[in-house]
Every structure is written in structure tokens, then in C-alpha cells.
Amino acid sequence: MRRVHVVVHGIVQGVGFRYYTEQQAFSYQIKGWVRNVPDGTVEIDAEGNERNVERFLEAVKRGSRQASVSKIEVSDIAEAGAHDSFRIRR
């Protein structure tokens with residue numbers, strides 16, 4: 001099990017990026033959350049098996065059709081098992 005904290009930079013707000021992230025999370029059996037941050041970035045807390053987390057991160061890097069991801073910052077979190085679903089936080 002791997003848990004990561006992700007900050008996504010670029011044109012990622014107002015373009016359906018959170019909904020895209022939620023769809024990818026369901027596809028890769030990822031649990032956690034995604035939310036917009038006032039500074040224009042998107043923050044993600046995600047956990048799942050190692051392989052699925054890597055696939056999920058690749059999808060996040062690609063972004064939705066309307067988004068333009070310039071970079072992502074990924075930090076591992078030691079504590080896993082904190083989530084039981086994936087949701088969009090407001």
C-alpha cells in the first residue's frame with residue numbers, strides 16, 4: 001500500500017480536472033480526495049497498491065483534455081489506510 005500527497009500545477013482549475021481525477025481514481029482503485037487550492041493548484045491525497053498509484057500519477061500528469069498540467073509534486077506519506085473511498089472536496 002502506498003499513500004501520496006500530490007500538488008498539481010498548471011491550468012487545472014475550472015477545466016474539470018477534479019472530476020477527471022475522480023474518474024481516474026475509480027479506474028485505478030485509488031482512495032483519498034482531490035480539491036482546488038486558492039493558489040490555483042489542485043491538491044490530491046491518494047492511496048492504493050504501488051502499481052495502481054503509479055498508473056494514477058501518470059494519468060494525473062497527462063491531465064484532462066481541457067487541463068494543462070505543467071508539473072506535479074509528489075510526496076510519500078508513511079501512514080496508509082486512512083481512506084475508504086475517493087471524493088472531491090469542496
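Q: Val8 first: is it buried or exposed?
A: In this predicted model, Val8 has a relative accessible area of 0% and is therefore buried, the cut-off being under 20%.

Q: Which element holds Val8?
A: Val8 belongs to strand S1.

Q: And what is Val8 in contact with, beyond its neighbours within four places in sequence?
A: With those neighbours left aside, the contacts of Val8 are Phe17, Thr41, Val42, Ile44, Val60, Val69, Lys71 and Ile72.

Q: Now the largest nonpolar core. Which members touch the most others?
A: Val8, Phe17 and Ile44 do, in a core of 22 residues. At least two residues come from each of strand S1 (2–11), helix H1 (17–27), strand S3 (42–48), helix H2 (50–62) and strand S5 (86–88).

Q: Which element gives the most to this core?
A: Helix H2 does, contributing five residues.

Q: Let us turn to the helices. At what angle do the axes of H1 and H2 cross?
A: The crossing angle is roughly 155°, and the two axes come within 10 Å of each other. H1 is therefore roughly antiparallel to H2, as angles over 145 degrees are classed that way.

Q: Is the crossing left-handed or right-handed?
A: H1 passes H2 in a right-handed crossing.

Q: Which residues make that contact?
A: From H1, the contact uses Phe17, Tyr20, Thr21, Gln24 and Ala25. H2 supplies Phe56, Ala59, Val60 and Arg62.

Q: What does Val69 touch, not counting residues up to four places away in sequence?
A: Val69 touches Val8, His9, Val12, Phe17, Val60, Lys61 and Gly63. Val8 and Phe17 were also named among the residues that touch the most other members of the largest nonpolar core.

Q: How far is Val69 from Met1?
A: Their C-alpha atoms are separated by 26 Å, and the two residues are 68 residues apart along the chain.

Q: Next, Val34 in strand S2. Does it count as buried or exposed?
A: Val34 counts as buried, at 0% relative accessibility.

Q: What are the contacts of Val34, leaving aside neighbours within four places in sequence?
A: Val34 is in contact with Arg18, Thr21, Val42, Glu43, Ile44, Phe86, Arg87, Ile88 and Arg89.

Q: And Arg35: buried, partly exposed or exposed?
A: Arg35, which also lies in strand S2, is partly exposed at 29% relative accessibility. A value between 20% and 50% falls in that class.

Q: What does Arg35 touch, not counting residues up to four places away in sequence?
A: Arg35 touches Arg18, Thr41, Val42, Glu43 and Arg89. Its C-alpha atom is separated by 18 Å from that of Asp76, 41 residues apart along the chain.

Q: One last topic, the backbone at Gln29. What is its phi?
A: Gln29 has a positive phi of about 55°, although it is not a glycine.

Q: Where is Gln29 found?
A: Gln29 is in the loop between H1 and strand S2 (31–36).

Q: Is Gln29 buried or exposed?
A: Gln29 counts as exposed, since its relative accessibility is 61% and the cut-off is over 50%.

Key
Residues numbered from 1 in each chain as written. Predicted model: local features only at pLDDT ≥ 70, side-chain atom pairs only at ≥ 80, totals over all residues. Heavy atoms only, no water. Core = buried A, V, L, I, M, F, W, Y, C linked by side-chain atoms within 4.5 Å. Buried < 20%, exposed > 50% of the residue type's maximum accessible area, 1.4 Å probe, protein only. Helix = DSSP H or I, 4+ residues; strand = E, 2+ residues; numbered from the N terminus. Contact = heavy atoms within 4.5 Å. Axes fitted to C-alpha atoms, helices over the stretch in contact; angles between N-to-C directions. Parallel < 35°, antiparallel > 145°, perpendicular 65-115°, else oblique. Left-handed = near helix turned anticlockwise from the far one by under 90°.
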